[in-house]
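Subject: Structure handover

Hello,

Here is the structure you asked about. Please open it alongside this note.

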Amino acid sequence: MDSLVIEGCAVATVDGTAAGVITGAGTGTEYDQGHLVLRDGRIAAVGPGPAPAVPGARVIDASGCLATPGLIGSHHHLFQGLTRGHAQDSGLVPWLTALFPLWAHLDAELHGAAARAGLATLALAGCSATADHHYLFPRGGGDLLAAGVGAARQIGLRLHACRGSLDLGAPAGGLPPDTVTGDRDEILAATEQAIDRYHDSGPAAMVRVAVAPSTPFAVTEPLMRESAELARRKGVRLHTHLAETLDERDLCRERSGRTPAEYLESLGWLGDDVWVAHGTHLDLPDIYKLARAGTGVAHCPASNARLGAGIAPVPEFLAAGVPVGLGVDGAAANDNGGLAAEMRQSLLAARARRGAAALTARQALAVATMGSARCLGRQDEIGSLEAGKQADVALWRLDDLGHAAIADPVWALVCGPPARLELLTVAGRPVVEEGQLRTADPVALGRDARAAARALARRARP
Ligand SMILES: [Zn+2]
């Protein structure tokens, strides 16, 4: 493979985190003027000043830019891209109640259009890898997981396909209609099949699979337990939602007599192979429980704000040593879908709650990179710019109107206006160049997504 040299830019390596657990101010090695050499899908060199001569390499003059690790999404539901703008003023439960009847008509073709558009949106926001927590498998809808994997291969992002499930439908006191809930044995068999078919445990993996029941409140206890057993038998990670809203925390106590983390523990779910979405309403004892177990949290600040769920205690997570990653959450709870904006949102939300020292810009960047890598179990492979790691690099232009007068490039990226993405490489392959997606036509993706959203709405009409 050709070599790629990037030089003349500021570099924020985010190499200062111990195995993805972000402590202190989150500061890694930074260079005012530095270089990167990418070769054979990996970072061959990173350092200050001009790059060494690399015969035959393509050289990019990146002056005026900041190089960071590609951002990593630790929680998403790509299919929801077809139902953005719905239930605009609703909290989680009425929002779910409004959307499930639409989602019940999803199939593989529509999901493919949603996934391609959502992944392209992520790529254009500097994201090189993402989890997709997909728990919706309507009967007769075809192979939705294959559609998501195909979309990631086309757009060129690393995908952690979190094979979700629902087995507690409306007739049994859950929220989802029973056309989208499944039988436990069938779910576990399909999940194992997905692992066998798609999971790549190698360091350069473009696709991995996790076992991901939707939430302890839409999934029965036996399925939660057996999901954990399956994940451990197959050596893959576990993911679910936890304590997103106050109501959910109270319901947990009512039904189980336990706090959310105690409940997870009782199901065999606490461990360093687990990460949960949100944790918005975890109290300190629960936070310490997660920290001791090494269980990570995917922080989704815009979704939590959009649904009025609250503000997750990220400073407390970090102080306790909980691995924290960043996510947009489902496109229909976010409506933006670009991960870069979540860094700003996370900083502002933390400070609105706990004061100006609650979260630094460097911590926000570290959460979006190494923290997410740790949630996905990939802290040794991606998430920082270090020689030997995968060549997943984002290059942001910061010498324009919106940023040029801000001396600190990390602050400019996190808190300034959305920065133009000059380059995104995944495994050294350019996915975005000069602000343009190179792997697909975004106009066509947008058109397909619009047609798919309309088709879904039509199918749901009585
Ligand atoms: Zn979610």
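Start at the end of helix 8. The residue that follows this helix is Gly 294, with a positive phi near 80 degrees. Bear in mind that this is a predicted model.

Helix 8 itself covers residues 284-293. Its buried residues are Asp 286, Ile 287, Lys 289, Leu 290 and Ala 291. What do they pack against? The partners of the buried residues of helix 8 are helix 7 (260-266), strand 12 (296-299) and helix 10 (314-320).

Ala 87 has a phi of about 45 degrees. Ala 87 sits in the loop between strand 6 and helix 1. Asp 335 has a phi near 70 degrees. Asp 335 belongs to the loop between strand 13 and helix 11.

Now the metal site. Which residues hold the zinc ion donors? They are His 75, His 77 and His 241, each through NE2, and Asp 329 through OD. These donors lie 2.1 to 2.2 Å from the zinc ion. The sequence spacing of the donor residues is H-x1-H-x163-H-x87-D. His 75 and Asp 329 link distant parts of the chain, 254 residues apart. His 75 is in the loop between strand 6 (71-73) and helix 1. Asp 329 is in the loop between strand 13 (324-326) and helix 11.

Are His 75 and Asp 329 buried or exposed? His 75 has a relative accessible area of 1%, so it is buried. Asp 329 is at 4% relative accessibility and therefore counts as buried too. The cut-off for buried is under 20%.

The zinc site has 4 donor atoms, with angles of 91 to 167 degrees among them. It counts as irregular.

Next, Val 236. This residue lies in the loop between helix 5 (221-234) and strand 10 (238-242). Val 236 is buried because its relative accessible area is 4%. Beyond its neighbours within four places in sequence, Val 236 is in contact with Ile 195, His 199, Val 209, Val 211 and Ala 231. The C-alpha atoms of Val 236 and Asp 273 are 7.6 Å apart, although 37 residues separate the two along the chain.

Last, the pockets. The largest pocket holds about 500 Å³ of space. It has 28 lining residues. Nearest its centre are Leu 92, Leu 96, Leu 175, Thr 215 and Phe 217. Helix 1 (92-103) and helix 6 (246-256) each give two or more residues to this lining. Helix 1 gives the largest share, 5 residues. By class, the lining of the largest pocket has 14 nonpolar, 9 polar and 5 charged residues.

The second largest pocket has a volume of about 410 Å³. Its lining counts 23 residues, with Ala 125, Gly 338, Ala 340, Ala 341 and Pro 418 closest to the centre. Two or more lining residues come from each of helix 2 (108-124), helix 11 (339-354), helix 13 (409-415) and strand 15 (420-426). Helix 11 provides the largest share, 6 residues. The lining of the second largest pocket divides into 13 nonpolar, 7 polar and 3 charged residues.

Best wishes

Conventions: Residues are numbered from 1 along each chain as its sequence is written. This is a predicted model: local features need pLDDT of at least 70, side-chain atom pairs count only at pLDDT 80 or more; totals for chains, interfaces and linings use all residues. Side-chain values use heavy atoms; hydrogens and water are left out. On a 1 Å grid over the protein atoms alone, a cavity is a set of points where a 1.4 Å probe fits but cannot get out, and a pocket is an open set with protein on both sides within 12 Å along at least five of seven lines; lining residues have an atom within 4 Å of a point. Grid points are joined across faces, edges and corners, and a volume is the space filled by probe spheres set on the points. Helices (H or I, at least four residues) and strands (E, at least two) are DSSP runs, numbered from the N terminus. Ala, Val, Leu, Ile, Met, Phe, Trp, Tyr, Cys and Pro count as nonpolar, Asp, Glu, Lys and Arg as charged, and the others, Gly among them, as polar. Buried means under 20% relative accessible area, exposed over 50%, partly exposed in between (1.4 Å probe, protein chains only). Contact means heavy atoms within 4.5 Å. Donors are N, O and S atoms within 2.8 Å of the metal (3.2 Å for Na, K and Ca); water is not among the atoms, so sites may look incomplete. Four donors count as tetrahedral if all angles lie between 85 and 135 degrees; four count as square planar and six as octahedral if opposite donors are over 155 degrees apart and all others between 65 and 115; anything else is irregular.
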